[in-house]
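Subject: Structure for your review

Dear colleague,

Please find below the structure that I promised to pass on to you. I would be grateful if you could read it alongside the notes that follow.

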Amino acid sequence: MPDTAPPGSNSPIVAAYRARTPGSAARYARALGLFPSGLTHDTRYMKPYPLYIERAAGARKWDVDGHGYVDYMGGHGALLLGHGHPAVIGAAKRQLDRGTHFGNGHDLELRWAELVQQMVPSAERIRFTASGTEATLLALRLARAHTGRPKVVRFATHFHGWHDSMAAAYMNHFDGSPPIGVLPSVAADVLPVRSDAPDDVRKLLVSRDDVAAIILEPTGASWGRVPFDPALLIELRALTAQRSIVLIFDEVISGFRVSPGGAQAHYGVTPDLTTLAKIGAGGLPGGMLVGKKDLIDFLDFEVSAAAKREKVLHFGTFNANPLSAAAAVATLEVIAGTDACARANKFGADLRAALNGVLEAEGIAWAAYGTFSGFHIFTNPKRRAIRPRDFDPLRADVYELKDNPPEVVQKLRLAMLCHGVDMNGWPGGLVSAVHGPAELAETVAAFRASLRALKEEGELAPWM
Ligand code: PMP
């Protein structure tokens with residue numbers, strides 16, 4: 001999580017944001033009487049207060065004061081096709097008239113699962129869940145049931161939802177010690193490793209015989225903020241197969257985004273289990289665990305009875321709910337049948353190059369980096385001598401990539417908002433297949449103006 005110290009109260013950037021967004025300020029005042037920190041999601045934390053949005057369409061959205069923004073939040077990554085894609089909205093509207101919950105099987109869940117099975121290499125079988133968090137929870141349960149082993153290896157800084165097992169080595173501190181509210185015994189069964197220390201990972205996997213699974217984001221922590229070496233993916237596939245350790249790819253973000261078959265199709269590495277959600281649920285609530293039949297079969301009544309073993313428990317009121325299913329089928333049909341992923345990836349590459357062009361022209365030793373349809377801004381806290389376009393995050397320190405100075409980052413975000421661009425506060429964002437030349441030009445202009453505003457406030461020393 002970003003450290004979110006409030007930016008200075010005498011900052012012209014903060015003052016400009018306040019002057020522009022009185023409607024958001026008023027709503028935040030109400031929210032403080034309702035929600036902790038006035039918030040409904042931890043990553044929406046923002047000082048002096050978050051933005052309130054009224055509507056969205058395509059690559060854009062509009063706040064309650066009527067200002068338009070180029071959107072790089074992308075519904076927390078759920079919207080590869082942008083806001084309100086006509087096929088998705090049409091399908092959801094038709095389904096609303098037919099019913100939103102039957103408590104029975106329905107045609108859309110079959111079509112949804114068939115599409116997933118055709119698109120995602122590891123998807124021999126599918127079990128729908130209500131979220132990505134639930135999908136990783138179920139993945140770990142199945143891996144432990146299958147192997148009879150207790151431990152799970154995870155990469156510190158990779159995010160796998162907020163349930164107890166995946167809170168250690170992500171929430172609050174990355175060292176694996178139990179975060180507040182999490183039982184020490186639960187945290188003790190999670191073994192954190194660093195993606196920039198592959199030798200430690202190798203040693204751990206070959207030296208222990210109590211590891212049930214290793215879970216990772218295949219494009220790296222937070223869609224590549226801390227990138228992952230694809231060569232290590234291939235190696236881990238071989239190593240886990242030798243040791244009968246369940247390899248889990250968390251493709252909640254990268255699934256249906258990197259390519260129609262996700263990162264696993266792109267890299268040609270097929271894990272045993274894959275967790276999916278977001279785009280995979282059509283941008284509506286939902287998720288799924290997919291994977292090898294013999295693993296998913298721990299959920300099968302007959303197979304479990306025949307094997308004389310307990311069946312793994314799994315319920316969920318909203319599994320495969322018809323409304324999400326309708327949106328998901330429409331979304332996945334577009335992704336399977338068009339170049340939507342490739343277009344988003346191309347825009348991502350163009351945007352990163354353009355932002356680096358601005359940094360170089362302004363003489364600022366930051367870097368825009370990332371892969372596929374994501375971008376990240378490295379604010380170079382240790383003031384290393386880097387050239388923006390040559391910056392290689394794979395060679396950078398894992399924690400340095402996460403450690404952008406909060407004051408600068410907050411101000412950058414506010415300045416970008418004042419110039420009509422909403423990106424996340426880490427800072428960075430996700431692009432969609434409907435971001436185009438106009439959005440690129442506006443983002444570049446906003447970035448240049450924001451950097452100049454930061455310079456004027458003395459936040460940016462010229463390092464180059
Ligand atoms: N895994 C990854 C890689 C994610 O990015 C997220 C959500 N940002 C999750 C799991 C959790 O998904 P959800 O928010 O649907 O529970």
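This is a predicted model: local features need pLDDT of at least 70, side-chain atom pairs count only at pLDDT 80 or more; totals for chains, interfaces and linings use all residues.

Which residues surround the ligand?

**The ligand and its surroundings**

The residues around the ligand are S131, G132, T133, F159, H160, G161, E217, D250, V252, I253 and K278. As for its location, the ligand sits in the largest pocket.

The side chain of T133 has an N or O atom 2.6 Å from an oxygen atom of the ligand. In the side chain of D250, an N or O atom lies 2.6 Å from a nitrogen atom of the ligand. F159 takes part through its backbone: a polar backbone atom of this residue is 3.3 Å from a nitrogen atom of the ligand. How much of the ligand's surface does the protein bury? On its own the ligand exposes 390 Å², and the protein buries 80% of that area.

**The protein as a whole**

The secondary structure of the protein consists of 18 helices and 14 strands. Along the principal axes, its C-alpha atoms fill a box of roughly 70 × 55 × 45 Å. A compact globule of 464 residues would have a radius of gyration near 23 Å, and the protein, at 22 Å, agrees with that expectation.

**Points in the backbone**

The bond from K47 to P48 is cis, with omega near 5°. P48 belongs to the loop between helix 2 (22-32) and strand 1 (53-57). The bond from W426 to P427 is also cis, and its omega is near -5°. Here the proline, P427, lies in the loop between strand 13 (421-422) and strand 14 (428-430).

Where is H76 found? H76 is part of helix 3, which covers residues 74-77. Its phi is near 50°, a positive value in a residue that is not glycine.

With kind regards,
A colleague

Key:
Residues are numbered from 1 along each chain as its sequence is written. Side-chain values use heavy atoms; hydrogens and water are left out. A residue is near a molecule or strand if one of its heavy atoms lies within 4 Å of it. A polar contact is a pair of N or O atoms within 3.5 Å; within protein, one must be able to donate a hydrogen and the other to accept it, and residues adjacent in sequence count only if both atoms are side-chain atoms. Accessible areas come from the Shrake-Rupley method with a 1.4 Å probe; for residues, only the protein chains shown count as cover. On a 1 Å grid over the protein atoms alone, a cavity is a set of points where a 1.4 Å probe fits but cannot get out, and a pocket is an open set with protein on both sides within 12 Å along at least five of seven lines; lining residues have an atom within 4 Å of a point. A molecule sits in a cavity or pocket if more than half of its atoms lie within 2 Å of its grid points. Helices (H or I, at least four residues) and strands (E, at least two) are DSSP runs, numbered from the N terminus. The radius of gyration is taken over C-alpha atoms; the globule rule is 2.2 Å times the number of residues to the power 0.38.
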